Amino acid sequence: MTSLDKPTTPDSTGPRHAAGPSADQKAVTQAALFDAFGGIRGTVETMLPGLLFVMIYTINKDVKWSAIAAGAVAVLLVIVRLLRKDTVKHAFSGVFGVGVGVAFALFTGSAKGFYLPGMIYGVGLGVAFTLSALVGFPLLGVILGPVFKENLSWRTRNPGRKKAYVKASLAWGLIFLAKYAILFPLYWWGDATQLGWVLIALKLPPMVLAVYFTWVFLAKAPPPIDVIAEWEAKEAAEAAAKGPKA
């Protein structure tokens, strides 16, 4: 069985991986990141339920109907994607998060309960990204490796790319932790309406900043080693060596 991070060809760490980034590489990196993090539509689908919740709660202070409306629109977004036969991975992750928030809000009877699960999850992500970078096994490399068809080859075969993933993971971790260092004091001492609007305001800018840093680091890094293409080439070579079947 072929390892995900071991060389399969003698020249796989040759000069072609040391060359500087080209315009094509930057464009490919940008497109891959855009797809991995959901793009504009995925971002809108992530923000819409929370925005609807805080708008309705600001108007009528009714936790129940605010939570129900947010949950309903999250489910509707998934249904629309299913009907259009689009990818649903971002929509499903969104509806799960909203569902947990709705359950907390209805159980506690507090609007702040809607936001608490997502805030705890965000802090957990910040800690995970930071620690993974510090121990040299960056979480972002694990997430994006399959997107770039390199899997875990960056760990031992592409040190420049590993370094970029470490920097990007650290950036994600610090940005997440800074965001929730602002939000948790509001959760403890502010009111639910203030918390909701600040959370909405901080939903997109930190994400954009983190993705931007990721693009900068990866665009300057050596190109990914396409282990999928290597496997296919190896299988084709083995088939050719065996010759045509009788």
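**Close-ups of a predicted model**

**View 1. Two stretches that a record labels.** The end C-alpha atoms of residues 195-218 sit 34 Å apart, and this span is 92% helix and 0% strand. (Helices are DSSP runs of H or I with at least four residues, strands are runs of E with at least two, and both are numbered from the N terminus.) For residues 169-189, the end C-alpha atoms are 31 Å apart, with 100% helix and 0% strand. The unreviewed UniProt entry puts both spans among its "transmembrane region" annotations, though such annotations may be inferred rather than shown by experiment. Keep in mind that this is a predicted model, where local features need pLDDT of at least 70 and side-chain atom pairs count only at pLDDT 80 or more. Residues are numbered from 1 along each chain, and side-chain values use heavy atoms, leaving out hydrogens and water.

**View 2. Helices α7 and α9 side by side.** Here α7 (residues 159-189) packs with α9 (residues 204-220) at about 165°, their axes 9 Å apart. (Axes are lines fitted to C-alpha atoms over the stretch in contact, and angles between N-to-C directions run from 0 to 180 degrees.) That's why the two count as roughly antiparallel, a label for angles over 145 degrees.

**View 3. Thr193 and its neighbours.** Thr193 belongs to helix α8 (residues 192-201). Its relative accessibility is 15%, so Thr193 counts as buried (under 20% relative accessible area, with a 1.4 Å probe and protein chains only). Beyond neighbours within four places in sequence, Thr193 touches Val54, Tyr57, Thr58 and Lys61.

How values were computed: Parallel < 35°, antiparallel > 145°, perpendicular 65-115°, else oblique. Buried < 20%, exposed > 50% of the residue type's maximum accessible area, 1.4 Å probe, protein only. Contact = heavy atoms within 4.5 Å.
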